[in-house]
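Visitor: I have a new structure open and would like to learn how to read it. Could you walk me through it, feature by feature?

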Amino acid sequence: MKPKDATVNLVNLHPAMAPVFDALDAVAREFGLPEITITSGQDGSHMKGSKHHQDDLSVPGEAVDARLRDVLEEFARRVKERLDLNRPRTYDVVLETTPTVCPRCKVILKGTHVHVEHDPKDPT
């Protein structure tokens with residue numbers, strides 16, 4: 001687990017948050033995924049009454065935000081790698097974040113997802 005940068009305040013977190021970091025690290029290792037990035041602790045902009053307690057630093061923070069983009073990018077990379085083993089240059093694998101508009105169908109796709117399409121390339 002690593003903070004995204006020096007703006008992430010993890011100094012005054014509630015002791016109950018320690019198992020959260022352990023769980024994030026353990027699940028990442030279990031799946032062989034990259035180190036999880038924490039994007040927010042007791043900082044940033046959150047809803048009023050948020051357990052981040054960013055508006056009252058005297059209260060220990062009880063929430064953190066973990067970036068999933070890194071994990072999803074690794075997932076997409078592995079899908080592409082597996083497809084390329086037997087069918088190189090045949091599939092495109094793209095991580096699409098919300099909101100995404102399907103250009104052909106003119107529909108807004110909701111939710112971050114991995115888009116996989118059959119798109120053979122010229123072998124030359």
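Guide: Let us go from the whole chain to single residues. Keep in mind that this is a predicted model.

Visitor: How should I read a sheet?

Guide: Strands of a sheet pair through backbone hydrogen bonds, in a parallel or antiparallel way. Here, 3 strands make an open sheet with mixed pairing, in the order E1-E2-E3. Its edge strands are E1 (2-3) and E3 (65-67), each of which pairs on one side only. E1 and strand E2 (residues 37-40) run parallel and are joined by 2 bridges. For one partner pair, look at Lys2, which is bridged to Thr37 in E2.

Visitor: Now a helix. How far does H1 reach from its first C-alpha to its last?

Guide: The general idea is that an α-helix has 3.6 residues a turn, so residues three or four places apart point the same way. Helix H1 covers residues 18-30, which is 13 residues, and spans 18 Å, close to the 18 Å expected at 1.5 Å a residue. Gly32 follows H1 and has a positive phi, near 65°.

Visitor: Which residues make up the largest nonpolar core?

Guide: That core has 6 residues: Val8, Leu13, Met17, Phe21, Ile38 and Val64.

Visitor: Is His52 buried or exposed?

Guide: His52 counts as buried because its relative accessible area is 5%, under the 20% cut-off. This residue sits in the loop between E2 and E3. Its side chain makes a polar contact of 3.5 Å with the side chain of His46. Beyond four places in sequence, His52 also touches other residues, among them Ser40, Gly61 and Asp65.

Visitor: What about Ile36: where is it placed?

Guide: Ile36 lies in the loop between H1 and E2. With 7% relative accessibility, Ile36 is buried. Its contacts outside four places in sequence are Met1, Lys2, Leu24, Ala28, Ala66 and Val71. Ala66 is 30 residues away along the chain, yet the C-alpha atoms of Ile36 and Ala66 are 6.7 Å apart.

Visitor: What can I learn from phi angles?

Guide: Most residues other than glycine have a negative phi. His53 has a positive value, near 50°, and Arg89 has one near 60°.

Visitor: Where do I find His53 and Arg89?

Guide: His53 is in the loop between E2 and E3, while Arg89 is in the loop between helix H2 (69-86) and strand E4 (91-96). His53 is buried at 19% relative accessibility, whereas Arg89 is partly exposed at 43%.

Terms used
Residues are numbered from 1 along each chain as its sequence is written. This is a predicted model: local features need pLDDT of at least 70, side-chain atom pairs count only at pLDDT 80 or more; totals for chains, interfaces and linings use all residues. Side-chain values use heavy atoms; hydrogens and water are left out. Two strands pair if DSSP finds at least two bridges between them. Helices (H or I, at least four residues) and strands (E, at least two) are DSSP runs, numbered from the N terminus. Buried means under 20% relative accessible area, exposed over 50%, partly exposed in between (1.4 Å probe, protein chains only). A polar contact is a pair of N or O atoms within 3.5 Å; within protein, one must be able to donate a hydrogen and the other to accept it, and residues adjacent in sequence count only if both atoms are side-chain atoms. Contact means heavy atoms within 4.5 Å. The expected span of a helix is 1.5 Å times one less than its number of residues. A nonpolar core is a set of buried Ala, Val, Leu, Ile, Met, Phe, Trp, Tyr and Cys residues joined through side-chain atoms within 4.5 Å.
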